[in-house]
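Please keep the sequence and the model in view while reading.

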Amino acid sequence: MKVNSFWCNVILLLCAVCMQSSHAQTNEAEANKKTVLAFYDAALVQLDADKALAYIGPQYIQHNPIAPDGVAGLRGLINFLKSKYPERQSAIKRVIAQGDLVVLHVHSKNTPDERGNAIVDIFRLANGKIVEHWDVIQSVPEKAANNNSMF
């Protein structure tokens, strides 16, 4: 009977550790999600580079092949969008967060009357700051081969 009691205690302890670890991961993901949403609002809705850069880490790695790495590159992109497309709109349709990664599914339009683009942005965070970014961009077609929305 003592052996069974020992193993029951071991199992209970392991369950408690797993639950605590899962809770910590959920807290990290939620905090990262809030950071990315605040960054996205500042950078691509308000087009405010100074405000947006507060969410960026000391090193910012950019995987979009037409955008340079670093804070200067990001500032340049935001300022370009602000000057060229002052009526630009971005609507976040979905947010997925897991650990240090946050994924946004976005409908972006440079002008109010265009169909725009479907965008998937992937952000990696470290110490509460965005340190890496990937994106995939697809134009919203005039006519689709199915009746499903891209959003």
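**A guided reading of the chain**

Leucine 47 lies in the loop that connects H1 and H2. Although leucine 47 is not a glycine, its phi is positive, at about 55°. Its relative accessibility is 5%, and leucine 47 therefore counts as buried. The model under discussion is a predicted one.

Is asparagine 127 buried or exposed? With a relative accessible area of 82%, asparagine 127 is exposed.

Read from the N terminus, the order of elements is α-α-β-α-β-β-β-β. The chain has 151 residues, of which 30% count as buried. Among contacts with a separation of 6 or more, 44% are between residues 24 or more positions apart.

Strand E1 (residues 56–62) includes glutamine 62. Glutamine 62 has 12% relative accessibility and so counts as buried, the cut-off being under 20%. Its side chain reaches the backbone nitrogen of asparagine 64 at 3.0 Å. Leaving aside residues up to four places away in sequence, glutamine 62 touches Ala67, Pro68, Asp69 and His133.

Helix H3 covers residues 70–84. Its 15 residues reach 21 Å from the first C-alpha to the last, close to the 21 Å expected at 1.5 Å a residue. The buried residues of H3 are Gly70, Gly73, Leu74, Ile78 and Leu81. Viewed down the axis of H3, the buried residues fall within an arc of 130°, so they line one face of the helix. An α-helix has 3.6 residues a turn, so residues three or four places apart point the same way. On the other side of H3, Ala72 and Ser83 are exposed.

Next come the paired strands. Strand E2 (residues 89–98) runs antiparallel to E3, and nine bridges join the two. Glutamine 89 has lysine 109 of E3 as its bridge partner. E2 and E3 form a hairpin with two residues between them, and glycine 99 in the turn has a positive phi of about 60°. Strand E3 (residues 101–109) is mostly covered, with seven of its nine residues buried. E3 also pairs with strand E4 (residues 117–126), in the antiparallel sense and over eight bridges. In this pairing, leucine 101 stands opposite arginine 124 of E4.

Which residues touch the most other members of the largest nonpolar core? They are Phe39, Phe123 and Ile130, in a core of 22 residues. The elements giving two or more residues to this core are helix H1 (2–45), helix H2 (49–53), E1, H3, E3 and E4. H1 gives the most, with six residues. In soluble globular proteins, nonpolar side chains tend to be buried together.

Not counting residues up to four places away in sequence, phenylalanine 123 touches Val36, Phe39, Tyr40, Asp100, Leu101, Val102, Leu104, Ile130, Glu132 and His133.

How values were computed. Residues numbered from 1 in each chain as written. Predicted model: local features only at pLDDT ≥ 70, side-chain atom pairs only at ≥ 80, totals over all residues. Heavy atoms only, no water. Buried < 20%, exposed > 50% of the residue type's maximum accessible area, 1.4 Å probe, protein only. Helix = DSSP H or I, 4+ residues; strand = E, 2+ residues; numbered from the N terminus. Pairing = 2+ DSSP bridges. Polar contact = N/O pair within 3.5 Å; in protein donor to acceptor, adjacent residues only side chain to side chain. Contact = heavy atoms within 4.5 Å. Expected span 1.5 Å × (residues − 1). Arc of directions from axis to C-beta. Core = buried A, V, L, I, M, F, W, Y, C linked by side-chain atoms within 4.5 Å.
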